[in-house]
Amino acid sequence: MTLIKSISGIRGTIGGAVGDGLTPLDIVKFTSAYGSWAVKKSGIKKIVVGRDARLSGAMVNNLVIGTLQGLGIDVVDLGLSTTPTVEVAVTGEKAAGGIILTASHNPKQWNALKLLNANGEFISDADGKEVLEIAENSDFKYADVNDLGKVTHDDTWLQKHVDLVLALPLVDVEAIKKADFKVVIDCVNSTGGIFVPALLKALGVETVHELYCEPDGNFPHNPEPLPENLIALSKEVVSKRADLGIAVDPDVDRLCFVCEDGNMFGEEYTLVAVADYVLKNNVGNTVSNLSSTRALRDVTEKAGGEYHAAAVGEVNVVNQMKAVNAIIGGEGNGGVIYPESHYGRDALVGIALFLTHLAKYGKSVSSLRASYPGYFISKNKITLTPEMDIDALLSKVEQKYSKQPHSTIDGLKIEFDKEWVHLRRSNTEPIIRIYSEGNSETVANGLANKIIADIKEILQLKG
């Protein structure tokens, strides 16, 4: 059983001992801490709650809502929803914040409380630490019987979210209708099965073949939208002679596509393609995290904009986007953040912009993919002993490559012309994650192996 308390929220496996798994007592404690913090921070006694369709969702939802009521906080319960829908609802409802009950791409035994501020954005590092401190000290008080919070069940935010997407100036519904796309979708039996068909219908896509769209939480495969988990979608795209496949994760903030020939578009290229379309209409700056493909930088600079890198984590990407006034950004895991809509990863926004782009491009999805620089990312890790000083080790690697362009804002990233390697320590285990990118799998793997050999050599010299 696992319980991970971090600045962005609390997640864990359902069941087990208190503080070991995500138990009802843990849920009540952290909801109490967050609710107390949100009211103190904003002066508003209203919080939006929504959840994905995972099996433990109703149980966690009941505990969270009851706890917020006990604090004297009114709750707007969206029920089955998506992460981006809760984000836009927080500002729409003028609430103190929001709690999304989802463990995102984690398997079915996991659940989590994702915490939002009054802007509908993930809480900051400092705010997260404050919430954890309140929880640690049980520094909260509950309301007396006359002041308990009230609950409003509101299912209107599905349509409101879709309407917000349709209202974006760069979403061209007529162009999408005219293109007459045939689409297959895989929504992993979560809330994408409600929201993605509704969006596609509103966009005028008439032929939609649904795979795993029953929001009952029985994930038919590992819910992370990676190629090895999308085999059924790929086969269905080919057998139905569809123009493309669309896959989302359980809380609909990650998005990836399958080409008409069944090949993966590549989750790293979701943001690249959407950014390309946005940049064709408005030249500006872009942001992704240090572990995302260089292709975004290439596309941005070709359009006349400036690319900026951020530390890994959505809150870091958003902060950097605000700092450089980026017009598009996100993460290489298929997360598109479009400030014109809101500062959060949003698969619905990504789908609408991508389909508009494809409709105006006028060729196949595989042709569109071939129009972008071809890179391959290799993902490796090296396990160290728990007592190892990882920071000192990374410092030695940095010294060795001090003449290369490099960044230390999040671990160590070293650039070699158009290739790069990014070394990051894990927050939870004695592991260094090693991501490398080159113009082929061989080049990327070779670069990773070179750095791994350097690390082993440094460790031997130290020994």
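A cavity is a set of grid points where a 1.4 Å probe fits but cannot get out, and its lining residues have an atom within 4 Å of a point. The exercises below concern a predicted model.

**Exercise 1. The largest cavity**

Task: Find which residues lie nearest the centre of the largest cavity, and describe its lining.

Solution:
1. The structure holds 3 cavities of 30 Å³ or more. The largest cavity contains about 60 Å³ of space.
2. Its lining is made of 11 residues, and those nearest the centre are Gly9, Ile10, Phe30, Leu115 and Val131.
3. At least two lining residues each come from strand 2 (9-13), strand 6 (110-116) and helix 4 (125-136). Helix 4 has the largest share, with 3 residues.
4. By class, the lining of the largest cavity has 8 nonpolar residues, 3 polar and no charged.

**Exercise 2. The second largest pocket**

Task: State which elements supply at least two residues each to the lining of the second largest pocket, and how that lining divides into nonpolar, polar and charged residues.

Solution:
1. The volume of the second largest pocket is about 240 Å³.
2. Of the 18 residues that line this pocket, Arg297, Tyr307, Ala309, Lys413 and Glu415 lie nearest its centre.
3. The elements that each supply at least two lining residues are helix 10 (295-303), strand 13 (307-310), strand 17 (406-407), strand 18 (412-416) and strand 19 (419-425). Strand 13 gives the most, 3 residues.
4. The lining of the second largest pocket comprises 8 charged, 5 polar and 5 nonpolar residues.

**Exercise 3. Helix 3 against helix 5**

Task: Work out why helix 3 and helix 5 count as roughly perpendicular.

Solution:
1. The axes of helix 3 (residues 83-92) and helix 5 (residues 157-166) come within 10 Å and cross at roughly 90°.
2. Angles of 65 to 115 degrees count as roughly perpendicular, so helix 3 and helix 5 fall in that class.
3. Pro84, Thr85, Val88, Ala89 and Gly92 of helix 3 meet Trp157, His161 and Leu164 of helix 5.
4. This contact between helix 3 and helix 5 has 5 nonpolar residues, 3 polar and no charged.

**Exercise 4. Helix 9 against helix 12**

Task: Is the crossing of helix 9 and helix 12 left-handed or right-handed, and which residues meet there?

Solution:
1. Helix 9 (residues 268-281) and helix 12 (residues 347-361) pack at about 65°, and their axes are 9 Å apart.
2. The pair is therefore roughly perpendicular.
3. The crossing of helix 9 and helix 12 is left-handed.
4. From helix 9, Ala273, Val274, Asp276, Tyr277 and Val278 meet Gly350, Leu353, Phe354, Thr356, His357 and Lys360 of helix 12.
5. The contact of helix 9 with helix 12 divides into 6 nonpolar, 3 polar and 2 charged residues.

Notes. Residues numbered from 1 in each chain as written. Predicted model: local features only at pLDDT ≥ 70, side-chain atom pairs only at ≥ 80, totals over all residues. Heavy atoms only, no water. 1 Å grid on protein atoms, 1.4 Å probe; cavity = no way out; pocket = protein on both sides within 12 Å on 5 of 7 lines; lining within 4 Å. Points joined across faces, edges and corners; volume = space filled by probe spheres on them. Helix = DSSP H or I, 4+ residues; strand = E, 2+ residues; numbered from the N terminus. Nonpolar A, V, L, I, M, F, W, Y, C, P; charged D, E, K, R; others polar. Axes fitted to C-alpha atoms, helices over the stretch in contact; angles between N-to-C directions. Parallel < 35°, antiparallel > 145°, perpendicular 65-115°, else oblique. Contact = heavy atoms within 4.5 Å. Left-handed = near helix turned anticlockwise from the far one by under 90°.
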